[in-house]
Amino acid sequence: MFPSSMPCPHPPARWYSLLTLLLLAAAAACSPKKDPEEKPGRPSPPAVVTGGAGRATFTIHYSQPSAKERKIFGGLVPYGQVWRTGANEATTFSVNQDVTVQGQPLPAGKYALFTIPNQKEWTIIFNRNPNQWGAYEYQPADDVLRVKATPAATPHTLEQFRITADKGGQVTLGWEDTQVSFQVK
C-alpha cells in the first residue's frame, strides 16, 4: 500500500476515459473541415449525363453501382418495386424548359427519377421530391409523371449501371444484360 501522500502509480480508470475524450475532441477540432457537397469515395461513384430535347437541356445526376457477379433485375433490384435508379441518393432529372417524356408533358424543374422494373415493361417515374436517399421516403402522391417503357437486351454485359442520352433526347438506362429507353422531346 502507498501512503496517502504519495501519488498512485496507476490512475483510476475514469482518468483514462477523460483523457480519451479530450484526445478525441482535440483531434476533431484539428481535422480539416469537409465541404458538405463533397462526396467521399464510394463504391458506386457519382456520374452526370446531359442531353437535349429541342431547345431544352436536361441533366441527370446518379450513382453507378456495379453488378459484382450478382443477378441484377429480378434479383438485387426486385421486379415490381420502386428502385432509386442507381445507388446512394435518388437519381435526379433536371430540365430547364417544359418537355414531353414518352409523349406526356413534364414541366421544367428538378425531379427524383425512379423506376419500377419488370420483365416486359418498366414504369419511369418523375417525382417532385428530388432530395431523397434512395427510395426509402418515396411517396407516389408526389409523382408528377409516370410513363411506360419496354426493356431490351444489351449488346454486351454492363458491369456498372450506366445512363446515356443522345442528341435526339433518347435516354437509356443500362445494367448487366438489360437496357430500357425513354424519349424526351
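**Notes on the strands and the aromatic cluster**

1. Strands here are DSSP runs of E with at least two residues, helices are H or I runs of at least four, and both are numbered from the N terminus.

2. Before going on, a word on provenance: this is a predicted model, where local features need pLDDT of at least 70, side-chain atom pairs count only at pLDDT 80 or more, and totals for chains, interfaces and linings use all residues. Residues are numbered from 1 along each chain as its sequence is written, and side-chain values use heavy atoms, with hydrogens and water left out.

3. What does β1 pair with? Its partner is β2, in the antiparallel sense over eight bridges (pairing takes at least two DSSP bridges between two strands). A47 has Y62 in β2 as its bridge partner. The hairpin of β1 and β2 has two residues between the strands, and G54 there takes a positive phi near 65 degrees.

4. Y62 turns up again in the aromatic cluster, which is made of Y62, F73, W83, W122, F161 and W175. The count of aromatic pairs comes to twelve. The rule takes rings of Phe, Tyr and Trp (its six-membered ring) with centres within 6.5 Å; planes under 30 degrees apart are stacked, over 60 edge-to-face, and the rest tilted.

5. Take F73 and W83: they form an edge-to-face pair, 5.6 Å centre to centre with 80 degrees between the planes. Both sit in the loop between β2 (56-63) and β3 (92-95), ten residues apart. F73 counts as buried because its relative accessibility is 3%, and W83 does so at 9%. The cut-offs are under 20% relative accessible area for buried, over 50% for exposed and partly exposed in between, using a 1.4 Å probe and protein chains only.

6. W83 also forms an edge-to-face pair with F161, at 5.2 Å centre to centre and 70 degrees between the planes. That pair links distant parts of the chain: W83 in the loop between β2 and β3, and F161 in strand β9, 78 residues apart. F161 is buried too, with a relative accessible area of 1%.

7. Also in strand β9 (residues 151-165) is T154, which counts as buried because its relative accessibility is 12%.

8. For the overall picture, the protein has one helix and ten strands, in the order α-β-β-β-β-β-β-β-β-β-β along the sequence. Of its 185 residues, 37% count as buried. Among contacts with a separation of 6 or more, 54% come from residues 24 or more positions apart. The protein exposes about 11300 Å², with carbon and sulfur atoms supplying 56% of it; areas come from the Shrake-Rupley method with a 1.4 Å probe, and for residues only the protein chains shown count as cover.

Terms used:
Contact means heavy atoms within 4.5 Å.
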